[in-house]
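Hello,

Here is the structure for your files. My notes follow below it.

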Amino acid sequence: MANTIEILGITIELDSKGIPLKHIGYPDQFSVAFFYAIGNIVLGGIGLAAAWFLAYAPDAKRGNVDTKIGLLAEHDLGWLYLGIFLLKILQLPIGTMLGEARRGSKVAVPDQHVYSVMGSEGSKLGYVLMERDGIHGAFNRAQRALMNYHETFPTLALQYVAASWVFPFEAFVCVIVWAVTRCIGAMGYKSSADARFNGNMLGLIAMCAIQGMVLIAAIKTLTV
């Protein structure tokens, strides 16, 4: 078994059971909760600003949007939109707990679980982790890329459908950008764990713009 692993271009030594001696991925000077909260606030703010200035604020769009918001208000659907928004936001505590546990365990991606070999001789063996090299490593990373997509898709699809009622074209553009960047990221992830970030930032902004559209619709509907 190799006694080192390369993460984000940094070579990290492994312990006797195959776990990195140091976790790379979260800044040491911040807690995971702070890191995730700031990231969500910044990206959420960018997405909300993009939704406001590109989809709602232009005079050519506002009349049609306000008419649709009026229909939502007529049927008291502001709570539906607010619920969809909060459903997405309240995934953050769960992701934070996972991040804290990952940093504490020092387990590196693409590994999602750590298995022990059971039996009288099991304690003498290393942990059972994903193969990282060769075609089997590529298969494992491609599988993780697919699961990353599945983990994000349900909430994104729900927000996309809701946003499309009020901002159909803008939501369409954003969801296509998100889907394309997910494909780019998956191709990168198959080649290496570090390359999973390819196209990631643009995809996150597109996803947050859809989230911003849902929030705008919720607030406008509830305050009309």
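Phe35 sits in helix α1, which covers residues 32-56; helices here are DSSP runs of H or I with at least four residues, numbered from the N terminus. The model is predicted, so to speak for its limits, local features need pLDDT of at least 70 and side-chain atom pairs count only at pLDDT 80 or more, while totals for chains, interfaces and linings use all residues. Residues are numbered from 1 along each chain as its sequence is written, and side-chain values use heavy atoms, with hydrogens and water left out.

Phe35 counts as partly exposed because its relative accessibility is 33% (buried is under 20% relative accessible area, exposed over 50%, partly exposed in between, with a 1.4 Å probe and protein chains only). Together with Phe30, Phe34, Ile38, Ile41, Val42 and Ile46, Phe35 makes a nonpolar surface patch of about 610 Å². Patch residues have over 30% relative accessible area and no salt bridge, and nonpolar side chains are joined within 5 Å; a salt bridge is a side-chain nitrogen of Lys or Arg within 4 Å of a carboxyl oxygen of Asp or Glu.

Now the backbone. The loop between α4 (92-105) and α5 (134-166) holds Pro110, and the peptide bond from Val109 to Pro110 is cis, with omega near 10°. Lys106 is found in the loop between α4 and α5 and has a positive phi of about 70°, although Lys106 is not a glycine. Its relative accessible area is 29%, so Lys106 is partly exposed.

Asp76, in the loop between α2 (59-74) and α3 (78-89), also is not a glycine and has a positive phi, near 55°. Asp76 counts as exposed because its relative accessibility is 53%.

Regards

Conventions. Patches are made of residues with over 30% relative accessible area and no salt bridge: like charges are joined within 9 Å, nonpolar side chains (Val, Leu, Ile, Met, Phe, Trp, Tyr) within 5 Å. Accessible areas come from the Shrake-Rupley method with a 1.4 Å probe; for residues, only the protein chains shown count as cover. Helices (H or I, at least four residues) and strands (E, at least two) are DSSP runs, numbered from the N terminus.
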